[in-house]
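Let's take a friendly walk through a protein model together. Have a look at the sequence and the 3D view, and then we will explore the model piece by piece.

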Amino acid sequence: MGPTTTTARDVARAAIVANPDWPTLTIAKAVYRDNPAVWPSLDAARLCVRRQRGELALGRNSRRPVGARTQTQREATRISGVGRLPPARDDRYKEFVLPKIGHWLVCADLHVPYHDAAAIDAMLAWVTAQRLRIAGVLYLGDILDCYAMSKFQRDPREVDFDQELRALEWVMDYVGDALQPEQTWWKIGNHEERLHAYLYQHAPELFPALAKRGLLTWEHLVNMDGHHPTIIDYGNPVRLDELWMLHGHETGRAMSNPVNPARGAYLRTQACTLVAHQHRTSEHAETNIAGVVITCWSLGCLCGLHPQYSKFNKWNHGFAIVHTDGMWSVDNKRIWRGKVL
């Protein structure tokens, strides 16, 4: 019987499938020994095995196993949807874009209920005196302290989470009633994220069910009479035209190491950026090789300046007005002894 008959191919294929890791010569010796009438010589048996493996023209390193799909078959499978890669997990990154609707009041780090009422009143009084029509308010993170869920040592006599939520509703309604903005946005900072971090650690079994039912959203937890904010998810940036706004912790601790927080923001983002988190008012500008001026700012806070965990620091009160009439601009304000500077 000739080496190209169906019987010869079937014998060779069966041996390859049964012993896929064997070398071609080893398989050829085995099938020739067991089937001496099928091939006239060992070389003929080896040639048949090589043909079945598809390596005759391609060489041993490009050997195609019996039953391997061709490129056309793989393409057809991909198009049909069978055997595709599993869907990637959503990394939850999203850019939130503020509308250019006029003047935006940007403030951060109130740390309610440890806010400074005098500083907030000074800010609102200055806006009124300037006759600025505030179209939007952006709370740039750490509006709520979430003291009860801190990973640091806590005083059990301090306020509980429900009291914090009620105080936050009061403060946001107070600001909203004074300014009557068209829009209110709230970026979640590292202090608000304490809620999820606490549940991750202490109630991982409950978290999925509560989250799926929307019971852990800030829209559900905080009730503000008519001043419902748009929530900017934790870790995501805010952008207004070419101005980026972050709470400040997103870029890592290295941001606080340079001369001032604004310079740290410049080094980490290389773009016009407004940050908070460090509770200090600062500004830093540099011109790049293309002659473009890149300026970064950091905000002062609106919380108490001498908390128990940091009696002595470099903090100051402050806020900013972002103007969007024509080209955007930032008016970064410091508050000192009840006066806006």
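Which residues does Asn316 touch, not counting residues up to four places away in sequence? In this predicted model, the partners of Asn316 are His279, Arg280, Thr281, Gly300, Cys301, Leu305 and Arg334. You can find Asn316 in the loop between strand S10 (293-298) and strand S11. Although Asn316 sits in a loop, this residue counts as buried, at 8% relative accessibility.

## The chain as a whole

Now zoom out. The chain has 341 residues, and buried residues make up 43% of them. Its secondary structure comes to ten helices and 13 strands.

Contacts also tell us how parts of the chain meet. Among contacts in the chain with a separation of 6 or more, 67% are between residues 24 or more positions apart.

In soluble globular proteins, nonpolar side chains tend to be buried together. In this model, the largest nonpolar core has 42 residues, and the members that touch the most others are Met123, Trp186, Trp218 and Phe319. Several elements each supply at least two residues of this core: strand S2 (103-107), helix H5 (117-129), strand S3, helix H6, helix H7 (194-202) and strand S11 (317-323). The largest share, eight residues, comes from H6.

Leaving aside its neighbours within four places in sequence, Trp218 is in contact with Leu144, Cys146, Phe161, Leu165, Trp186, Ile188, Glu192, Leu195 and Ile231.

## A closer look at Leu98

Leu98 lies in the loop between strand S1 (96-97) and S2. At 3% relative accessibility, Leu98 counts as buried. Once neighbours within four places in sequence are set aside, its contacts are Trp104, Leu138, Trp185, Val238, Arg239, Leu240 and Met245.

Here is a pair to find in the 3D view: Leu98 and Gln183. They are 85 residues apart in sequence, and their C-alpha atoms are 9.6 Å apart in space.

## Helix H7 and its cover

Next, turn to H7. Its residues Arg194, Leu195, His196 and Leu199 are buried. What covers the buried residues of H7 includes H6, H8 and H9.

The largest pocket holds about 1,400 Å³ of space. Its lining has 42 residues, and those closest to its centre are Phe152, Asn190, His191, Arg194 and Tyr309. Sorted by class, this lining has twelve nonpolar, 18 polar and twelve charged residues.

The second largest pocket has a volume of about 460 Å³. It is lined by 17 residues, of which Arg92, Glu193, His196, Asp233 and Tyr234 are the closest to its centre. H7, helix H8 (207-212) and helix H9 (218-221) each supply at least two residues of this lining. By class, the lining of the second largest pocket divides into nine nonpolar, three polar and five charged residues.

## An enclosed cavity

Strand S3 (134-139) and helix H6 (161-179) each supply at least two of the lining residues. H6 gives the largest share, with three residues. By class, six of the lining residues are nonpolar, three are polar and none is charged.

## Cysteines without a bond

Finally, the cysteines. The count of disulfides in this model comes to zero. Take Cys272, which is in no disulfide: the nearest cysteine sulfur belongs to Cys296 and is 6.5 Å away.

Note on methods:
Residues are numbered from 1 along each chain as its sequence is written. This is a predicted model: local features need pLDDT of at least 70, side-chain atom pairs count only at pLDDT 80 or more; totals for chains, interfaces and linings use all residues. Side-chain values use heavy atoms; hydrogens and water are left out. Helices (H or I, at least four residues) and strands (E, at least two) are DSSP runs, numbered from the N terminus. Ala, Val, Leu, Ile, Met, Phe, Trp, Tyr, Cys and Pro count as nonpolar, Asp, Glu, Lys and Arg as charged, and the others, Gly among them, as polar. A nonpolar core is a set of buried Ala, Val, Leu, Ile, Met, Phe, Trp, Tyr and Cys residues joined through side-chain atoms within 4.5 Å. Buried means under 20% relative accessible area, exposed over 50%, partly exposed in between (1.4 Å probe, protein chains only). Contact means heavy atoms within 4.5 Å. A disulfide is a pair of cysteine sulfur atoms within 2.5 Å. On a 1 Å grid over the protein atoms alone, a cavity is a set of points where a 1.4 Å probe fits but cannot get out, and a pocket is an open set with protein on both sides within 12 Å along at least five of seven lines; lining residues have an atom within 4 Å of a point. Grid points are joined across faces, edges and corners, and a volume is the space filled by probe spheres set on the points.
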